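Please look over the sequence and the structure shown below before reading on. The report then starts from a single residue and widens to the elements around it.

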Amino acid sequence: MINVPSGLTLSPDRILRCGFQRFHPDLMCYIAGADPYREDQLGGLALTIEGLKRRDDLVFNTAKAHGIPVMVTLGGGYAFNVLDTVTIHCNTVVAAKHVFSSVGLKFSARYARERAAV
């Protein structure tokens, strides 16, 4: 698990690089929380909606580049404007579709075959 503490100054791509240096996962469990949004009442980070979209793209593209399937859960989201939270969660789904739509079942079948051979 890579936990990102409040006030962290590392860039998201550096966090992922460090994670892949320490771990070699068969599955990425991505908790795509809306808490880092700057208008979130409980979050401790200050990302914009655009920044959260870039985070999602980075996570999905990194997983795809490493050939790792992703399980996503949507989490958190206590923005003052509930529509912001809905937008953030919808953007995560759109990002996943965009990154993995070209992969489709071939990716899943290849992954299953590789894991069965182990």
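## A residue in a loop

Thr48 lies in the loop between S1 and H2, where helices (H or I, at least four residues) and strands (E, at least two) are DSSP runs, numbered from the N terminus. With a relative accessibility of 28%, Thr48 counts as partly exposed; buried means under 20% relative accessible area, exposed over 50%, and partly exposed in between, using a 1.4 Å probe and protein chains only. Leaving aside neighbours within four places in sequence, Thr48 is in contact with Tyr37 and Arg38, contact meaning heavy atoms within 4.5 Å. Thr48 and Tyr37 are 11 residues apart in sequence, and their C-alpha atoms are 5.8 Å apart in space.

## Basis of the description

This is a predicted model, in which local features need pLDDT of at least 70 and side-chain atom pairs count only at pLDDT 80 or more, while totals for chains, interfaces and linings use all residues. Residues are numbered from 1 along each chain as its sequence is written, and side-chain values use heavy atoms, with hydrogens and water left out.

## The chain as a whole

The protein chain has four helices and two strands, and from the N terminus on its elements run α-β-α-β-α-α. Of its 118 residues, 32% count as buried. Among contacts between residues at least 6 apart in sequence, 72% join residues at least 24 apart. The chain exposes about 7,700 Å², of which carbon and sulfur atoms supply 59%; these areas come from the Shrake-Rupley method with a 1.4 Å probe, and for residues only the protein chains shown count as cover.

Strand S1 (residues 28-33) and strand S2 (residues 70-75) pair in the parallel sense over six bridges; two strands pair if DSSP finds at least two bridges between them. Within this pairing, Ala32 stands opposite Leu74 in S2. The chain crosses from S1 through helix H2 (residues 49-65) to S2, and this β-α-β crossover is right-handed, a term used if, with the strands pointing away from the viewer, the path from the first strand over the helix to the second runs clockwise.

## Helix H2

H2 has 17 residues and reaches 24 Å from its first C-alpha to its last, close to the 24 Å expected at 1.5 Å a residue, the expected span being 1.5 Å times one less than the number of residues. Its buried residues include Gly51, Leu52, Arg55, Asp56, Val59 and Phe60. Seen down the axis of H2, the buried residues fall within an arc of 170°, so they line one face of the helix; the arc is that of the directions from the helix axis to the C-beta atoms.

What covers these buried residues includes helix H1 (12-22), S1, S2 and H3. The face of H2 turned away from its buried side carries the exposed residues Arg54 and Ala65. H2 is followed by Gly67, whose phi is positive, near 70°.

## Helix H3

In H3, the buried residues include Asp84, Ile88, Asn91, Thr92, Ala95 and Val99. Seen down the axis of H3, its buried residues fall within an arc of 150°, so they line one face of the helix. On the other side of H3, the exposed residues include Val82, Leu83, Lys97 and His98.

Thr92 is found in H3 and, at 1% relative accessibility, counts as buried. Not counting residues up to four places away in sequence, Thr92 touches Ala32, Arg55, Asp56, Phe60, Val72 and Leu74.
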